[in-house]
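Subject: Structure handover

Hello,

Here is the structure I said I would pass on. Please open it next to this email and follow along; my notes come after it.

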Amino acid sequence: MKKEEYLNIVEEQIRCRRAREGVRRELAAHIDDQAEYCRSQGMDVSEAEEAAVCEMGDPVETGNRMDEIHRPKMAWKSIAAIILLSLVTFILQYVLTNSMPDSLNTYSAWLPGGASRNLLMHIAGWGVMIGICYLDYTRIGKYAGLLMMAGCVGIWFLAEFCSMPVNGVDYFQFAGYGVSVRMVCFLFLPLYGAVLYRYRGWGYKGLFAGALWMIPSLLILRLESAMMIIVIVGSTYLIMLTAAICKGWFRVSKKPAIAGVWIGAGLLGYAGINYFRFFGAPYQAARLEVFKDAFFMKGGVTTTSIMMRKLLAGSRLFGTKEGFIGDAEGIMQPGEYALSLICAFYGILAAVILAAGIALLFLHFFKMSFRQKNQLGMIMGIGCSTVFLVQLLLYIMGNLGMLLSGASYCPFLGYGGSAAMVTYIFLGILLSIYRYEDVAPEPEAGKALPVYARREKGRG
């Protein structure tokens, strides 16, 4: 039997069409290697090919085995954990909100539009998450750079000409609902991963180009004065770039390259801080000093930090602390301090278990992403899971009074439709990466490798 005939029969047994190309390429490589060995033993080309095909076994049996291995799979346990966490946090916040006196009407902002609308928003998010799970995430890689630049231009235009400020945050209208510009900017993270993927096999030029791609989206956030989001997105970019270096995407010395990336980012951050300290407006320099004092917990340096420390002081292991109503009365943004409120109302153990459950879910996705065989899925998954972990860390720090203000968004614990949809979109991408782990073939990089990289690849 000839090679092509054998491969055609094997391919017919595989029900998932997306898996056929990768399986065919893999089996063809095995046959070619075996045929090369047979030719080295004195066989002619035709005999060697037939002998190599014979060594592969029955094509129908081989195809059935490949069909069992290379098929989409659903992470039902992860989906159940996501739905359970979203329901638990919704119930905790709903009960807490309804336990507050009617006079504290600011707490209605915690569940905007009421509990029914908030619950429907979560249900819609589950649908979005499952829908994205079935999409082919690998298609992003081909147009990632174009999508990223188009997104920057589009978001800038909408923010400048089609939005209105609400409590200092720009929102533009979409289907009758306000969509946060800052939240939409988180969607640059998986696109940035796909852009980095284009530079596999490059040297320091590719590393430098990958670093430059961070700038456009960070400038958009700077125009929005979203400093906390800049820290979150920028640090996630750096972690993604570091992961790409660790995986050997660039022809560079790994340790010096990683050190250079982080030292360079640190120096830029330090320069930016000092610019605002010495050349910015007086309130900006004062704000930096307050932020520093809050981070090192040097007394009650802000009204918010005073309230947060007062709220947490005396919290019980179980149950509501004494004087909870009075201590919680001045907190005007309950969504940003949900963890502290849960700690004071339900007890320290409840808050710790909830935070640990969220962290374990995100760590699971990070571990799953880092072990991905498909390199595009690996880098996109690291971006989506890392931003969750960074955001959770900053959120906890904000709830401990270590930040000037609470982090504006934390998966499951925050509030608002934009934040929820971004969360479920990212979770859908992570589930899609897992679903097609054994199916999606390694896609072509969006840009041709330079000549020296192709030579090195050929030698390997």
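This is a predicted model: local features need pLDDT of at least 70, side-chain atom pairs count only at pLDDT 80 or more; totals for chains, interfaces and linings use all residues.

To see what surrounds Phe 186, leave aside its neighbours within four places in sequence: Phe 186 is then in contact with Ile 229, Ile 232, Val 233, Val 387, Gln 391, Tyr 409, Val 422 and Phe 426.

Next, the chain as a whole. The chain has 460 residues, of which 47% are buried. Its secondary structure consists of 21 helices and three strands. Among contacts with a separation of 6 or more, 73% are between residues 24 or more positions apart.

Why is H17 described as largely enclosed by the rest of the structure? Eight of its nine residues are buried, and a residue counts as buried when its relative accessible area is under 20%. The buried residues of H17 are Ala 338, Leu 339, Ser 340, Leu 341, Ile 342, Cys 343, Ala 344 and Phe 345. After H17 comes Gly 347, which has a positive phi, near 120°.

Helix H18, residues 348-370, contains Leu 349. Leu 349 is partly exposed, because its relative accessibility is 33%. Leu 349 also belongs to a nonpolar surface patch of about 550 Å², together with Leu 317, Phe 318, Ile 348, Val 352 and Ile 353.

Now the charged pairs. How many salt bridges does a search of the whole structure find? The search finds four.

Lys 2 and Glu 50 form a salt bridge through their side chains, with an N to O distance of 4.0 Å. Lys 2 is in the segment before helix H1 (3-12) and Glu 50 is in helix H3 (residues 45-55), so this pair ties together parts that are 48 residues apart in sequence. Both ends are partly exposed: Lys 2 has a relative accessible area of 40%, and Glu 50 has one of 38%.

Asp 32 and Lys 3 also meet in a salt bridge, at 3.1 Å from N to O. Asp 32 sits in helix H2 (residues 17-40) and Lys 3 in helix H1, so the parts joined here are 29 residues apart in sequence. Is each partner buried or exposed, or in between? Asp 32 counts as partly exposed at 37% relative accessibility, whereas Lys 3 is buried, with a relative accessible area of 17%.

The side chains of Arg 316 and Glu 322 make another salt bridge, with 3.6 Å between N and O. Arg 316 is partly exposed at 37% relative accessibility. Glu 322 has 64% relative accessibility and counts as exposed, because the cut-off for that class is over 50%.

Regards

How values were computed. Residues are numbered from 1 along each chain as its sequence is written. Side-chain values use heavy atoms; hydrogens and water are left out. Patches are made of residues with over 30% relative accessible area and no salt bridge: like charges are joined within 9 Å, nonpolar side chains (Val, Leu, Ile, Met, Phe, Trp, Tyr) within 5 Å. Accessible areas come from the Shrake-Rupley method with a 1.4 Å probe; for residues, only the protein chains shown count as cover. Helices (H or I, at least four residues) and strands (E, at least two) are DSSP runs, numbered from the N terminus. Buried means under 20% relative accessible area, exposed over 50%, partly exposed in between (1.4 Å probe, protein chains only). Contact means heavy atoms within 4.5 Å.
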